[in-house]
Amino acid sequence: MAQFFYHTLIGQIILMVLETLAVLVPLLIGVAYLTLMERKVMAAMQMRRGPNVNGLFGLLQAFADAIKMIFKETVIPSGANRALFLFAPFLTFSLAMLAWAVIPTGNGLAVANINVGILYLLAISSLGVYGMLIAGWASNSKYAFLGGLRSAAQMVSYEVSIGLVIVSVLLAVGSLNLNDIVLAQRHVWFCLPMFPMFIVFFISALAETNRAPFDLPEGESELVAGFFVEYSSLAFGLFFLGEYANMILMSAMVSILFLGGWLPPLGIAPFTWLPGPIWLIFKILFCLFVFIWVRATFPRYRYDQLMRLGWKVFLPFSLIWMIATAGFLMATGLLPQTGGIN
Amino acid sequence: MQSVLGDYAPVLIFGALSVTIAAAMLGMALLSGHQKPYAEKTTAYECGFEAFDDARRRFDVRFYLVAILFIIFDLEVAFLFPWAVSLSRIGLFGFLSMLAFLSVLGIGFLYEWRKGALDWD
């Protein structure tokens, strides 16, 4: 049997499909439950109960929402470019899924353990901008267009500081492979020595996923919903799911870059009993909880404040910190040795 | 070559599956939803008013400026990646070369800042 899976082409392809499904299916269920978690946690923070009617503790709420959305009418505005209008949610959703191919959930336990993993993640998350721009343009609505422009400018601005933060992590790792990045944190998680960068990355992740307090591309009081005003039914649902999948992805990136990925907090007995994936899930859940906590706590930024924070605070700060990291590692001889052709 | 293909085959399969799932969900909604469009329903939403004109018009030049700045700084990050990974082998000379590159870019950044290209008032 093992012979069939490892040594024939068909077997390998079947194995890859199964591996992919083993990531995608839990991810989709996780996204569904993240919407419930958000409502529940925010409700608890506002001293009320979240959804608690559908199923035990409201656990079926996410599925009720999904089924409702499937049976809604997909309204396509008369001025819209039909093909692009439907392509945009499709693109957003599939890109949000696609990024998960490289996330390692254990030592070497990724669907694709590629050598330029972090670059791949950066590329895929950059492509997400297209979904928003296309949706905003294709709807032929002024709100959608402005929302699309705002989202694109915001994502693009914070991507620069995310890139610089990643470079300073790479300085301490010496490899672009996500597995190596986690393994480099065996002794100390990068959130301790690089605490300011950890904060910059986390806030940029909030901005990158259009989360409160940076959710003004969708500012419901002025732009009604931003680039997806005109969407309904599962076309809207795909944007929604894509956005939440991106939230989980960003939390996973925070965990992998700064919180030691699947590693337990200490490499001693009671901590090592739990398997790696469980630790990663704990860390992702913690980050998601902070995402929701921030949403329930802070008022929305103004657009000029948002741009000022991105370009005038985070960019210079992360640039200087990156140079300081490089200088420090050079001076103390702590630079990781990159051997051979890797 | 073979190993590169081998590394990326899971990515391709992953991509194919996620595209299939997205298409299936969209198709399912289009098929099962009760479609009943009429003129009022399909006009663009402008708070209840009739849409005044086409939305694809002029937009603020600052969005363009941000896009240009992004291209420059993203290129900078693209140059930083190989430098960061191989810094242990290129030594002080490599470090100083990158510092020179970054200071040129820094001067450009200061110029943009003083010109007010980063302001949104």
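This is a predicted model: local features need pLDDT of at least 70, side-chain atom pairs count only at pLDDT 80 or more; totals for chains, interfaces and linings use all residues.
## Extent of the interface

Chain A and chain B meet through a contact to which chain A gives 87 residues and chain B gives 65 residues. The size of an interface is often given as the accessible area lost when the parts come together. For chain B and chain A, the buried area is about 6500 Å². Carbon and sulfur atoms account for 76% of that area. On the side of chain B, the three residues B:Phe14, B:Arg56 and B:Phe81 supply 12% of the area that the chain buries against chain A, more than any other three residues.

## Polar and charged links across the interface

Between chain B and chain A the count is one salt bridge. A:Lys312 and B:Asp119 form this pair through their side chains, with a distance of 2.4 Å from N to O. Polar contact across the interface of chain B and chain A is found for two residue pairs, both at pLDDT 80 or more.

Three helices of chain B, namely α1 (2-32), α2 (61-85) and α3 (87-115), each supply at least two residues of the side that touches chain A. The largest share comes from α1(B), with 20 residues. Sorted by class, the side of chain B that touches chain A holds 43 nonpolar residues, 11 polar residues and 11 charged residues.

## Salt bridges in the whole structure

Side chains of opposite charge can pair when their charged atoms come close. Over all chains, the search finds seven salt bridges. One of them joins the side chains of A:Arg295 and A:Glu38, at 2.8 Å from N to O. A:Arg295 lies in helix α11 (residues 276-297) of chain A and A:Glu38 lies in helix α2 (residues 9-45) of chain A, so this pair ties together parts that are 257 residues apart in sequence.

Through salt bridges that share partners, A:Glu38, A:Arg211 and A:Arg295 are joined into one network.

## Cysteines without a disulfide

The search of the whole structure finds zero disulfides over all chains. For A:Cys191, the closest cysteine sulfur belongs to A:Cys287 and is 9.7 Å away, which is too far for a bond. A disulfide would require the sulfur atoms to be within 2.5 Å. A:Cys287 is likewise in no disulfide, its nearest cysteine sulfur being that of A:Cys191. Both side chains are shielded by the protein: A:Cys191 is buried at a relative accessible area of 11%, and A:Cys287 is buried at 1%.

A:Ser157 is placed in helix α6 (residues 142-173) of chain A. With a relative accessibility of 1%, A:Ser157 counts as buried. Apart from its neighbours within four places in sequence, A:Ser157 is in contact with A:Met307, A:Trp311 and B:Val66. A:Ser157 and A:Asn246 are separated by 89 residues in sequence and by 17 Å in space, C-alpha to C-alpha.

A:Ser161 is also placed in helix α6 of chain A, and A:Ser161 is buried with a relative accessible area of 1%. Its contacts, leaving aside neighbours within four places in sequence, are with A:Ser204, A:Phe314 and A:Ser318.

How values were computed:
Residues are numbered from 1 along each chain as its sequence is written. Chains are lettered from A and ligands numbered from 1 in the order in which they are written. Side-chain values use heavy atoms; hydrogens and water are left out. Contact means heavy atoms within 4.5 Å. Buried area is the accessible area (1.4 Å probe) that two parts lose on being put together, summed over both. A salt bridge is a side-chain nitrogen of Lys or Arg within 4 Å of a carboxyl oxygen of Asp or Glu. A polar contact is a pair of N or O atoms within 3.5 Å; within protein, one must be able to donate a hydrogen and the other to accept it, and residues adjacent in sequence count only if both atoms are side-chain atoms. Helices (H or I, at least four residues) and strands (E, at least two) are DSSP runs, numbered from the N terminus. Ala, Val, Leu, Ile, Met, Phe, Trp, Tyr, Cys and Pro count as nonpolar, Asp, Glu, Lys and Arg as charged, and the others, Gly among them, as polar. Buried means under 20% relative accessible area, exposed over 50%, partly exposed in between (1.4 Å probe, protein chains only).
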